[in-house]
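This report describes one protein model with a ligand.

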Amino acid sequence: MRASKLCFLLLSVLAVAVLGAELVCEGDQCEPPPHVPATFTLNDGNTMPRVGYGTAGLGESVTMNVLTALKAGFRHIDSAQAYEWYNERGVGAALLKASEEGEVIFIRTPRKCIPRDSIFVTSKLHPRDFGARTRKQFHESLHDLQTDYVDLFLLHYAECWSGLHCPGEPGTWQEAWAALGALQAEGKIRSLGVSNFNPDDLRALIAAAQRGDAPMPAVVQNWFDPLHRDAEIRAICAAHNITYVSYSTLGTQHPGRGGNPVLTNPVIKAIAARQGTSPARVVLSWALQSGVGVLPRAGRAAHVEDNAQLLTGGGGDALAVFLSAADMAAIDALAT
Ligand SMILES: NC(=O)c1ccc[n+]([C@@H]2O[C@H](COP(=O)([O-])OP(=O)(O)OC[C@H]3O[C@@H](n4cnc5c(N)ncnc54)[C@H](OP(=O)(O)O)[C@@H]3O)[C@@H](O)[C@H]2O)c1
């Protein structure tokens, strides 16, 4: 054994002695398993589960799907006002129906319930409602989601674009952010964040927060997968202690490339085959080990249940399937 390998092994053993974890070995390479806490602590002091259930594009089945997710153990549900893709009413109906069935319980039946504060509900403001309509529209979200507050509320986009229908003349994201800040001060929103902001807009928001003119965002939710790293935004987040959460982590944002290039990637498939698991599990574990939150959406109950087990391997605070440093590096090398 070369001196460097022996040194690595000794350091690993030392880490295990200190951290109390078992070594994981592949050939003569041994490493302590990565520690991935079940929750993030946000820069505003609130906590957020690292794994959430995504509800975009589930159509009429969203109510049934959210029920399945809650029953499987998800405690973070991601929604939005954009009825182009989401259905807040469907999510709210699921939460209410669950309480009526007495299986998974939400806010309104305290005797049988999972406490409201153990479910993290995220939603997003549509840019057509920036400005004068922001406050009213936020209260529509509360109504549709059947709750008195949301844990995280995001500006969905900094502005309208061809995929988001914006009749009339909406206000600016700065006006919307000020309105959300007031709702946060009133206790209606626990944490604030943005989604799909470009680097310049995100820097402008952070600068305003640093001047004391606006709340600092706690979360950025953006597209991130093994082939799309969003490096500039992630660096800004890291520099300002803003938690980064990924969407479409399983490769659904790659149009016109002949199917899903993430789940069919040969490197990812080879790691999955060697580990006896699925490419989806490898990708989600890779994201979590990279320090990124995930919001996998799944219509099939088997996928929902699989994804709910991502962080239950070590009693809720460890990855059930995790990647060696070499496998992490192999996926990292797929894109810059
Ligand atoms: N902020 C934004 O602008 C924005 C944009 C896009 C998405 N999002 C959020 O992020 C969430 C996730 O992104 P997404 O909806 O684009 O899709 P995604 O989670 O990246 O991928 C969903 C696809 O992966 C499959 N899948 C899920 N778990 C699997 C597993 N364990 N094994 C194999 N396949 C699995 C699903 O199959 P089945 O359906 O067959 O189970 C589905 O086809 C959204 O639902 C939404 O909440 C936010």
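## Burial and basis

A residue is called buried if 20 or more other C-beta atoms lie within 10 Å of its own, exposed if 12 or fewer do, and partly exposed in between, with C-beta atoms placed from the backbone. The model is predicted, so local features need pLDDT of at least 70 and side-chain atom pairs count only at pLDDT 80 or more, while totals for chains, interfaces and linings use all residues. Residues are numbered from 1 along each chain as its sequence is written.

The protein chain has 336 residues, and buried residues make up 41% of them. Its secondary structure comprises eleven helices and eleven strands; these are DSSP runs numbered from the N terminus, with helices being H or I over at least four residues and strands being E over at least two. Two residues are in contact if their C-beta atoms, placed from the backbone, lie within 7 Å. Of the contacts in the protein chain with a separation of 6 or more, 68% are between residues 24 or more positions apart.

## P226 and the end segment

A335 sits in the segment after α11 (325–332). A335 is exposed, because 11 other C-beta atoms lie within 10 Å. Apart from residues up to four places away in sequence, A335 touches P226, L227, H228 and R229. For P226 and A335, 109 residues apart in sequence, the C-alpha to C-alpha distance is 6.8 Å.

P226 belongs to the loop between β10 (219–223) and α7. With 26 other C-beta atoms within 10 Å, P226 is buried. Beyond its neighbours within four places in sequence, P226 has contacts that include V262, N265, I268, V283, W286, I331 and L334.

## Helix packing

Two packed helices are described by the angle between their axes and the distance between the axes. Axes are lines fitted to C-alpha atoms, for helices over the stretch in contact, and angles run from 0 to 180 degrees between N-to-C directions. Angles under 35 degrees count as roughly parallel, over 145 as roughly antiparallel, 65 to 115 as roughly perpendicular and the rest as oblique. A crossing is left-handed if the near helix is turned anticlockwise from the far one by less than a right angle, and right-handed if clockwise. For residue classes, Ala, Val, Leu, Ile, Met, Phe, Trp, Tyr, Cys and Pro count as nonpolar, Asp, Glu, Lys and Arg as charged, and the others, Gly among them, as polar.

Helix α6 (residues 199–210) and helix α7 (residues 231–239) have axes that come within 10 Å and cross at roughly 10°. α6 and α7 are therefore roughly parallel to each other, and their crossing is right-handed. On the α6 side P199, L202 and R203 take part, meeting E232, I233 and I236 of α7. This contact has four nonpolar, no polar and two charged residues.

For helix α8 (residues 266–275) and helix α9 (residues 279–289), the packing angle is about 105° and the axes are 8 Å apart. α8 and α9 are therefore roughly perpendicular to each other. I268, K269, I271, A272 and Q275 of α8 meet P279, R281, V282 and V283 of α9. By class, six residues of this contact are nonpolar, one is polar and two are charged.

A residue is near a molecule if its C-beta atom, placed from the backbone, lies within 6 Å of it. The ligand has 25 residues around it, of which G54, Y247, A280, R297 and G299 come nearest. By class, this shell has seven nonpolar, 14 polar and four charged residues. Helix α10 (residues 301–308) gives the most to the shell, with three residues.

α10 also packs on helix α2 (residues 62–72): their axes come within 9 Å and cross at roughly 35°, in a right-handed crossing. T68, A69 and A72 of α2 meet A301, V304, E305 and A308 of α10. The residues of this contact divide into five nonpolar, one polar and one charged.

## Positive phi

Q146, in the loop between α4 (134–145) and β8 (150–155), is not a glycine but has a positive phi near 60°. Q146 is partly exposed, with 19 other C-beta atoms within 10 Å. N241, in the loop between α7 and β11 (243–247), is likewise not a glycine and has a positive phi of about 55°. N241 is exposed, with 11 other C-beta atoms within 10 Å.
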